[in-house]
Structures are given as C-alpha cells and as structure tokens.
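Here are my notes on this one, as numbered points. Have the fold open while you read.

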Amino acid sequence: MFNEDFYPTPTPVIERMLQGFSLNGRTILEPSAGKGNIVDFCIASGATLLACEKNLDLQKIVASKCKVIASDFLNVSSSDISHINMIVMNPPFTADEKHISHAWKIAPA
C-alpha cells in the first residue's frame, strides 16, 4: 500500500507483545510507527508516545496522534530519548536487524 515495509501491527499482536507491562504514565518510543497502530494502543493504555516514520504520508497520520521526533529512527541518538521508559516496535522487514541493534544501542538503561 505505502511501501514494501508497510505492515500494520494487528491489535492482538500488540496485546501479546505488551502482555504483563503497565503502560499507564510511561513514555514510549515507536521507531517505525506506520499509521500508528502501536501508537493508538499505547495511548489508549495511558502512555505518552513519541514516534519516527520515514514515509511522509504515514508521518502525517501519526503526527496527528503523537509527537514525531524524527523521520529516520537510525538517526535518533540516545540523548534524544534519554527520558523514555520503553521502545515498542514492529521494525521494517528490510531493515529489522539495523533497527533492533540501534534500539539496543540507544535505549536508556
């Protein structure tokens, strides 16, 4: 639809990913937000969201839901997200290892 990496995360998958985590009052980064399925779920659970999204059309959609801090997550530094509590993502399939490695590198302890 938008590109080869656009795969919206279904709600049952998000529920499973976050089972056992309390999101209320947390600040969460969604590094490849797409149209915002994970963003929507986390906000509905009481979290504050920050997001990144490369695709400009999708970025406009997600910017209506939360603050977009960057287009390309791989350009985000640890100082940009030092205040977050969690990173929750469904990384783009063509760059999944890069996104996961970068998240581990910059995530607060």
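1. A word on the elements: helices (H or I, at least four residues) and strands (E, at least two) are DSSP runs, numbered from the N terminus. With that in hand, N55 sits in the loop between β2 (48-52) and α3 (56-63). Residue numbers start from 1 along each chain as its sequence is written. Keep in mind that this is a predicted model, where local features need pLDDT of at least 70, side-chain atom pairs count only at pLDDT 80 or more, and totals for chains, interfaces and linings use all residues, while side-chain values use heavy atoms, with hydrogens and water left out.

2. Staying with N55: is the residue buried or exposed? Its relative accessibility is 16%, so N55 counts as buried; the cut-offs are under 20% relative accessible area for buried, over 50% for exposed and partly exposed in between (1.4 Å probe, protein chains only). A polar atom of the N55 side chain also lies 2.9 Å from the backbone nitrogen of L58.

3. Now the whole chain. There are four helices and four strands, and from the N terminus on they run α-β-α-β-α-β-β-α. The radius of gyration is 13 Å, close to the 13 Å from the globule rule for 109 residues, so the protein is as compact as a globular protein of that length. (That radius is taken over C-alpha atoms, and the rule is 2.2 Å times the number of residues to the power 0.38.) Along the principal axes, the C-alpha atoms fill a box of roughly 30 × 30 × 25 Å.

4. On burial, 42% of the 109 residues are buried. As for contacts (heavy atoms within 4.5 Å), take those between residues at least 6 apart in sequence: 51% of them join residues at least 24 apart.

5. Helix α2 (residues 37-44) deserves a look. Its buried residues are N37, I38, V39 and C42. Which elements do the buried residues of α2 pack against? They pack against α1 (11-17), β1 (27-30), β2 and α3. Just after α2, G46 takes a positive phi of about 95°.

6. Last, F93, in the loop between β4 (86-87) and α4 (96-106). Leaving out residues up to four places away in sequence, F93 touches D5 and Y7. F93 and D5 are 88 residues apart in sequence, yet 5.9 Å apart in space, C-alpha to C-alpha.

How values were computed
Polar contact = N/O pair within 3.5 Å; in protein donor to acceptor, adjacent residues only side chain to side chain.
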